[in-house]
Amino acid sequence: GARELIEKAQSGVLVPPGNHYALAEAIEKVLENPKKYGLRGREYVVRNHDWSVVTEKARQIYSLALRT
């Protein structure tokens, strides 16, 4: 989900469901500095969720499972 993709105050902003005031503040914050959130968000996703990273993690899990 979104929580796994957002590093607190680095690559995005999480707001409580149904809290439109917090949502408005978060939108203002991102609009004030879109490059900060956009670049950091992309860097985080590439570093942690790129297919090469995901497949390597899966390979490690299968290798470990086959040893036991």
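**View 1. Glu56 and Arg59 sit about one helical turn apart in helix H4.** The reason is that these two residues are three places apart in that helix; helices here are DSSP runs of H or I with at least four residues, numbered from the N terminus. Glu56 and Arg59 form a salt bridge, with their closest N and O atoms 2.7 Å apart. A salt bridge means a side-chain nitrogen of Lys or Arg within 4 Å of a carboxyl oxygen of Asp or Glu. The structure holds one salt bridge.

A note on the model: it is predicted, so local features need pLDDT of at least 70 and side-chain atom pairs count only at pLDDT 80 or more, while totals for chains, interfaces and linings use all residues. Residues are numbered from 1 along each chain as its sequence is written, and side-chain values use heavy atoms, leaving out hydrogens and water.

**View 2. Helix H2 covers residues 20-32.**

**View 3. Helix H3 meets helix H4.** On the H3 side, look for Val46, Arg47, Asn48 and His49; on the H4 side, find Trp51, Val53, Val54 and Lys57. Contact here means heavy atoms within 4.5 Å.

Definitions and conventions:
Expected span 1.5 Å × (residues − 1).
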